[in-house]
Amino acid sequence: MEQTQFKQIVAGLRSAYQKPDFLSTSQDLDMWYADLKDLDYKLLSLVVQKWILTEKWPPRISDLRNGVAEIIRLEMPDWAEAWEQTLKAMGKYGRLQPKEAYKELGDFTAAVIRGIGGWQMLCLSECLITERANFREVYNSRQERLFKQIALPDSLRFAISEYVNKNIGGQNFAAYLN
């Protein structure tokens, strides 16, 4: 998002809430822009519009970032819909056309399928009830992780990942919980 677009969002929020101390200093604006600039302007505008129409208090940065994650959550299929699409793709492509199936299912569902053993294993399974349960567990877990990642700015997410990989990677995580 460009700074001019951010200023339009701020102008809308100020107009809607008319609080003299809301985003009133350049430090406030700089911090908000730094924490929101990685978001798509159109998507953030929709979140702000929804917020203005439904909330009587101005948002916090976390409210807006979580709002973006929530919109994406509402547009993604839930695990049952994704499983149904997977079963249809199994019938359409069989076990020998995983690339075509993955392309039709999308990156997220393809990653879930790889996480439970891959396309051919799924197609050859004799117990789809077990595979369905595994799919549900992995799908929901990855979806929750995705939404938590969306709620963080890219720069913070990368800094955390870099720190963990450099300082904790391969070690016992329990040592860091004390």
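Trainee: What should I know about numbering and confidence?
Mentor: Residues are numbered from 1 along each chain as its sequence is written, and side-chain values use heavy atoms, with hydrogens and water left out. Since this is a predicted model, local features need pLDDT of at least 70 and side-chain atom pairs count only at pLDDT 80 or more, while totals for chains, interfaces and linings use all residues.

Trainee: At what angle do α7 and α9 pack?
Mentor: Helices (H or I, at least four residues) are DSSP runs numbered from the N terminus. Axes are lines fitted to C-alpha atoms over the stretch in contact, and angles run from 0 to 180 degrees between N-to-C directions. For α7 (residues 107–115) and α9 (residues 128–150) the axes are 9 Å apart, at an angle of about 130 degrees.

Trainee: Is α7 oblique or roughly parallel to α9?
Mentor: Angles under 35 degrees count as roughly parallel, over 145 as roughly antiparallel, 65 to 115 as roughly perpendicular and the rest as oblique. The angle of α7 to α9 is about 130 degrees. That makes the pair oblique.

Trainee: How are α2 and α4 oriented to each other?
Mentor: The axes of α2 (residues 26–36) and α4 (residues 61–75) come within 11 Å and cross at roughly 20 degrees. The two helices are therefore roughly parallel.

Trainee: Which residues of α4 make the contact with α2?
Mentor: On the α2 side are Met 31, Trp 32, Asp 35 and Leu 36. Their partners in α4 are Ile 61, Leu 64 and Arg 65.

Trainee: Which residues of α2 does α1 meet?
Mentor: Helix α1 (residues 3–17) packs on α2 at about 115 degrees, with axes 11 Å apart. Gln 3, Phe 6, Val 10 and Arg 14 of α1 meet Leu 29, Trp 32, Tyr 33 and Leu 36.

Trainee: Which element gives the most to the lining of the largest pocket?
Mentor: On a 1 Å grid over the protein atoms alone, a pocket is an open set of points where a 1.4 Å probe fits, with protein on both sides within 12 Å along at least five of seven lines; lining residues have an atom within 4 Å of a point. The lining includes Arg 145, Lys 148, Arg 157 and Asn 165. Two or more residues come from each of α9 and α10 (154–168). With five residues, the element that gives the most is α10.

Terms used
Contact means heavy atoms within 4.5 Å.
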